[in-house]
Amino acid sequence: MKKSALALAVAAALVGFGSAAYADTTLYGSARVSVDYDEWNSDYIEVDGQLVRTRVGSDAWDVYNNASRLGVRGEEDLGGGLAAIYQYEFGVDVTEGGNFNSNRPKWVGLKGSSWGSITAGTQWTPYYNVVGIGDIFNSSKVFDNRTYLGNTFGLRMDNSLIYSTPNWSGFSAQAMLVMNGQCPPTDPQTPAELRYGTACGSDRIQGVTNLVPANVSDSVDMWNIGLSYKNGPFFAGATYMALEGDDFDNFLTRPTWDGDQWAVAFGYNSGPFAATIAYEKGSVNTLYFGDGENVYVTGQYTFGNNIIRGSYGYTSASDGQYDVIVDGATVRLSQSDVNNWALGYQYNFSKRTRAWVEYIGQDVDSDLVGSRQAVSIGTRVDF
């Protein structure tokens, strides 16, 4: 079956009605699998003279799925310079099952030839569309919440509405609103008081998903704007995002629910050389209690079918110490700086097939976060 015909069949099956077949639909996907060696250090804190382990160390090999995906995207010309656009993309775990899950992009909208586009659904944030120029490695373990403070709330957001401007001589802008409703009054997950200062659905926050929980606000829960300029090999961008929740004076939370965060990024890509640098600062992240900041630098050199990559990142907290209650006792914990680095080699068999070897190192001495090193040997096939 030809790819276009298969795409139409898959699109119709996914959306549940045949009208998708009238749009210009494309089926696409990417299978990304590696064999990884991953090593984490254990971490402990002292409570009443006793050591309490806060993170279990590990030292293991694993066949690892690196955000493989399958999707369809399409566009239908409605006439008069107007088009309907959509994308349905699903995570595909080619190692352990769990197919057609995750909050990968799923959205629908309208695009105008003169005014830009407006889309609604689960979408890449304007924040990522600026800082994500540094997301250049194959392993999903490189660009995590230690190298990218926007890893949770500046990645992909569900329940989102985005307006994107046209391209004006290299300049473009985006604005996102996230509106996640409220927990029903009868929902057993709704606490009488906000436990630990978080919101309904807070079990989602600690790196499990990227969702803003309900009850952050009864209107706009989060908003994000991004501005960028691209001219030839040069890229420059700035972005700002804010959560519209309450200020919990009696609790420390990650993120700060009434916090904000901003970032700038610059890139250069010409011939065999490419480089990026980004700076982030704010409290809308799950790495630190309170404000954190991050500097992340990448470089890349291409020769023939070969690519060599390297990166260095440094994150730090504005407040190096904070107090928490553990078993009724007040314990002072530390928030340490994190040094990140990665090295990688990629060989391109074709435009669609590659193999890689990458090393990830993270050096930190914190009460809740331990040092890490990993090696990833993998392959990727796009279609």
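User: How many aromatic pairs does the count come to?
Analyst: The model is predicted. Rings pair if their centres lie within 6.5 Å. By this rule the count comes to 15 aromatic pairs.

User: Which kind of aromatic pair do Phe 153 and Trp 257 form?
Analyst: The centres of Phe 153 and Trp 257 are 6.3 Å apart, with 85 degrees between the planes. Planes over 60 degrees apart count as edge-to-face. The Phe 153 and Trp 257 pair is therefore edge-to-face.

User: How many residues apart are Phe 153 and Trp 257?
Analyst: Phe 153 is in the loop between α2 and β9. Trp 257 is in the loop between β12 and β13. The pair links distant parts of the chain, and the separation is 104 residues.

User: Are Phe 153 and Trp 257 buried or exposed?
Analyst: Buried means under 20% relative accessible area. Both Phe 153 and Trp 257 are buried.

User: Which strands does the pair of Phe 234 and Tyr 268 tie together?
Analyst: Phe 234 and Tyr 268 form a tilted pair, 5.3 Å centre to centre. These residues are 34 apart in sequence.

User: Why does Leu 161 count as partly exposed?
Analyst: Leu 161 is found in strand β9. Leu 161 is partly exposed because its relative accessible area is 31%.

User: What is the area of the nonpolar surface patch that includes Leu 161?
Analyst: Leu 161 is one of the residues that make this patch. Others include Trp 115, Tyr 163 and Met 179. The patch area is about 640 Å².

Definitions and conventions: Residues are numbered from 1 along each chain as its sequence is written. This is a predicted model: local features need pLDDT of at least 70, side-chain atom pairs count only at pLDDT 80 or more; totals for chains, interfaces and linings use all residues. Side-chain values use heavy atoms; hydrogens and water are left out. Patches are made of residues with over 30% relative accessible area and no salt bridge: like charges are joined within 9 Å, nonpolar side chains (Val, Leu, Ile, Met, Phe, Trp, Tyr) within 5 Å. Accessible areas come from the Shrake-Rupley method with a 1.4 Å probe; for residues, only the protein chains shown count as cover. A salt bridge is a side-chain nitrogen of Lys or Arg within 4 Å of a carboxyl oxygen of Asp or Glu. Helices (H or I, at least four residues) and strands (E, at least two) are DSSP runs, numbered from the N terminus. Buried means under 20% relative accessible area, exposed over 50%, partly exposed in between (1.4 Å probe, protein chains only). Rings of Phe, Tyr and Trp (its six-membered ring) pair if their centres lie within 6.5 Å; planes under 30 degrees apart count as stacked, over 60 as edge-to-face and the rest as tilted.
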